[in-house]
Amino acid sequence: MKVRDLDCLYEVCPIPLIKAVKELKKMNSGDVLVVHSDESCVGVMMEEWAKQNHYSIQIEEPKDGEWEIYLQKP
Amino acid sequence: MGNLSSEAVNFGKDGTDAMKRWLKKPWPYWAGGVLLGLLNILLLAVSGTVWQVSGGYLLWAAGILERFGLKPFQWDYFQSFQPRYAEIIATHSVFFNQYTILNLGVAAGALIAALLASQFKLGKIKGWKQAAFALLGGILMGYGSRLTGGCNIGGFFSGIPSLSLHAWVFWIFAMAGAWLGAKLLIRFMT
C-alpha cells in the first residue's frame, strides 16, 4: 500500500477532483491518495464521486478551513 | 486504513453538536437554490429591483475611466442602456448606488458565513498559469455579460423569473460555454 499526496490548495472546484482522478489512475488497488484542499466543496464533490466509483473516503479538517481527503483505491 | 467509511465525515474533535455541523458543512445545492429564489423575491418586493451583480462593477469601471478623462457614459453602449442607468449617471452615484450595496452584501455575507464556520482563510495564487487563466476568464465573462445585458445573476437568475426570453437564450449559450470550458479546463488546467 502506497500513500501519495496531492496538493490542491488554492485551487477551485472541479480542478482538485479532475487532478485526483488522473492521479488515481496511475495508482494500484489499496493505495491511498491524500488530497489537500482549502475549499469546502471539494470534499462534498469527492464524497459523491467516491460513492459512485466505490472508493473508500475519509475527510479530515486538521486546520480550520483546510481539508485532507483520503481516497483509497478499491 | 481498512475501515474507511463514506459516512465517516469528521468535523473536528469537539464538533459533534448540530449547530456546528449546520454552520460548517456545505448545504445541498437545492437548499441554496430555494433560499436564493426566496431572497430574490424578497429583494424585489422590498427594493423594486432584482438581484444583479455585474452592472455594479460596470458602473465602477466607467466611473474610474471618467477619472482618467474619458467619457464612457457618452459611448453607444450607455446610450442603448440609458433607461437602466440614467438615474445613477444623472445623480453622479456610479460608485455608490443600489448595485454597490448588493455587491458589498455578497462579500459581507460570504465573509460572515466563512467566519461562522471558522473557515476564513486568505487564498493565494498558485502560479502564473492559474492567474493568467483567471484574468482571461474574468475578462471574457465581464465582456460577455455586458454584451448580453447581465451576468449569470442579473441576466439569467433574475431574468428567468422576470419571464424574459433573453434569459433562456442566455441559458442555452451558457450551457454551450460551460461544456467548452470544461473541455479546456481538463486540457489546460490539470
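**Cavities, a hairpin and model confidence**

Two cavities of 30 Å³ or more occur in the structure, which is a predicted model. A cavity is a set of points, on a 1 Å grid over the protein atoms alone, where a 1.4 Å probe fits but cannot get out; its volume is the space filled by probe spheres set on the points, which are joined across faces, edges and corners. The second largest cavity has a volume of about 40 Å³. Its lining (residues with an atom within 4 Å of a point) includes B:Arg84, B:Tyr85, B:Arg146 and B:Cys151. The lining residues comprise three nonpolar, six polar and two charged, with Gly counted as polar, Tyr and Cys as nonpolar and Arg as charged.

In chain A, strands S3 (residues 56–63) and S4 (residues 66–72) run antiparallel and are joined by six bridges, pairing being defined by at least two DSSP bridges. A:Ile59 lies opposite A:Ile69 in S4(A). Two residues separate the strands of this hairpin, in which A:Gly65 has a positive phi near 80 degrees.

The predictor assigns the complex an ipTM of 0.78 and a pTM of 0.80. Chain B has an average pLDDT (per-residue confidence, 0 to 100) of 88, and 92% of the residues score at least 70. Over residues 1–8 of chain B, pLDDT stays under 50, and the model has 15 contacts (heavy atoms within 4.5 Å) for them beyond four places in sequence.

Residues are numbered from 1 along each chain as its sequence is written, and chains are lettered from A in the order in which they are written. Local features need pLDDT of at least 70 and side-chain atom pairs 80 or more, whereas totals for chains, interfaces and linings use all residues; side-chain values use heavy atoms, without hydrogens and water.

Technical notes:
Helices (H or I, at least four residues) and strands (E, at least two) are DSSP runs, numbered from the N terminus. pLDDT is the predictor's confidence in each residue, from 0 to 100. On a 1 Å grid over the protein atoms alone, a cavity is a set of points where a 1.4 Å probe fits but cannot get out, and a pocket is an open set with protein on both sides within 12 Å along at least five of seven lines; lining residues have an atom within 4 Å of a point.
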